[in-house]
Amino acid sequence: MARILIIDDDDQFRTMSKKMLEKAGYNDIEEAANGSIGMKLIRQHPFDIVITDLIMPDKEGIEMITELTRDYPGIKIIAMSGGGGVDPQGYLEIARHLGASRTLAKPFKDSDLIHVVQELLKE
């Protein structure tokens, strides 16, 4: 079964995302409130998929993607952003350019996230 890490500074969003993925049958899911915590977890236990917000305090998602693609080239990354008050597409395009496997603009439907996770696990 796939190991999934959700990194987002919004506690409620992380909880909802985890429940959504569990409902879809994914049970090995961990959470982190920022990129620094996320990187510590990744170094302790490898993950198949990292779902990360792009705009966070401490260590942003863009920084995470750069580090992950350098240190863990096989890891699948789903970057997501609501844009922080601006159009998220610019942030998501940067994430794709840096190596994110897929991107999602917030808010998105539950089925969108589940579909992207399933798609990445088939690759």
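Lysine 59 sits in the loop between β3 and α3, and at 13% relative accessibility it counts as buried. That is a friendly place to start reading this predicted model.

**Lysine 59 and its surroundings**

- Leaving aside residues up to four places away in sequence, Lys59 touches Asn34, Gly35, Ser36, Met39, Met64 and Glu67.
- Lys59 is called buried because its 13% relative accessibility falls under the 20% cut-off.
- Several of these partners return in the contact of α2 with α3, where Gly35 and Met39 come from α2, and Met64 and Glu67 come from α3.

**How α2 packs on α3**

- The axes of α2 and α3 cross at roughly 20° and come within 10 Å.
- That angle is under 35 degrees, so α2 runs roughly parallel to α3.
- The crossing in which α2 passes α3 is right-handed.
- On the α2 side the contact is made by Gly35, Met39, Ile42 and Arg43, and on the α3 side by Met64, Glu67 and Leu68.
- Sorted by class, the contact of α2 with α3 holds four nonpolar, one polar and two charged residues.

**How α3 packs on α4**

- Helix α3 also meets α4: their axes come within 9 Å and cross at roughly 10°.
- These two helices are therefore roughly parallel to each other.
- Ile62, Ile65, Thr66 and Thr69 of α3 make the contact with Tyr91, Ile94, Ala95 and Leu98 of α4.
- The contact of α3 with α4 has six nonpolar residues, two polar ones and no charged ones.

**How α1 packs on α5**

- Helix α1 (residues 11–23) and helix α5 (residues 110–122) have axes that come within 10 Å and cross at roughly 60°.
- The pair is therefore oblique.
- As with the other crossing whose hand is described here, α1 passes α5 in a right-handed manner.
- Ser17, Met20 and Leu21 of α1 form this contact with Asp110, Leu113, Ile114 and Val117 of α5.
- The classes in the contact of α1 with α5 are five nonpolar, one polar and one charged.

**Two nonpolar cores**

- In soluble globular proteins, nonpolar side chains tend to be buried together.
- Here the largest nonpolar core has 20 residues, and Leu5, Ile42, Val50 and Leu68 are those with the most contacts inside it.
- At least two residues of this core come from each of β1 (3–7), α2 (35–44), α3 (61–71), β4 (76–81) and α4 (89–98).
- Helix α3 gives the most to this core, with four residues.
- Ile42 touches Leu5, Phe47, Val50, Met64, Leu68 and Tyr72, not counting residues up to four places away in sequence.
- A second, separate core has 18 residues, including Leu21, Ile29, Ile49 and Val117.

- Ile49 lies in strand β3 and is buried, with a relative accessible area of 0%.
- Beyond residues up to four places away in sequence, Ile49 touches Arg3, Ile4, Leu5, Lys76, Ile78, Val117, Leu120 and Leu121.
- Ile49 and Ile77 are 28 residues apart in sequence, with 5.8 Å between them in space, C-alpha to C-alpha.
- Thr52 is found in strand β3 (residues 49–53), and it is buried at a relative accessible area of 0%.
- With residues up to four places away in sequence left out, Thr52 touches Ile7, Gly61, Met64, Ile65, Ile77, Ile78, Ala79 and Met80.

**Lysine 106**

- Lys106 is in the loop between β5 (102–105) and α5.
- Its relative accessible area of 21% makes Lys106 partly exposed.
- Lys106 touches Asp8, Phe13, Asp53, Met80, Ser81 and Gly82, again not counting residues up to four places away in sequence.
- One of these partners, Asp53, is 53 residues from Lys106 along the chain, and their C-alpha atoms are separated by 9.4 Å.

Definitions and conventions:
Residues are numbered from 1 along each chain as its sequence is written. This is a predicted model: local features need pLDDT of at least 70, side-chain atom pairs count only at pLDDT 80 or more; totals for chains, interfaces and linings use all residues. Side-chain values use heavy atoms; hydrogens and water are left out. A nonpolar core is a set of buried Ala, Val, Leu, Ile, Met, Phe, Trp, Tyr and Cys residues joined through side-chain atoms within 4.5 Å. Buried means under 20% relative accessible area, exposed over 50%, partly exposed in between (1.4 Å probe, protein chains only). Contact means heavy atoms within 4.5 Å. Axes are lines fitted to C-alpha atoms, for helices over the stretch in contact, and angles run from 0 to 180 degrees between N-to-C directions. Angles under 35 degrees count as roughly parallel, over 145 as roughly antiparallel, 65 to 115 as roughly perpendicular and the rest as oblique. A crossing is left-handed if the near helix is turned anticlockwise from the far one by less than a right angle, and right-handed if clockwise. Ala, Val, Leu, Ile, Met, Phe, Trp, Tyr, Cys and Pro count as nonpolar, Asp, Glu, Lys and Arg as charged, and the others, Gly among them, as polar.
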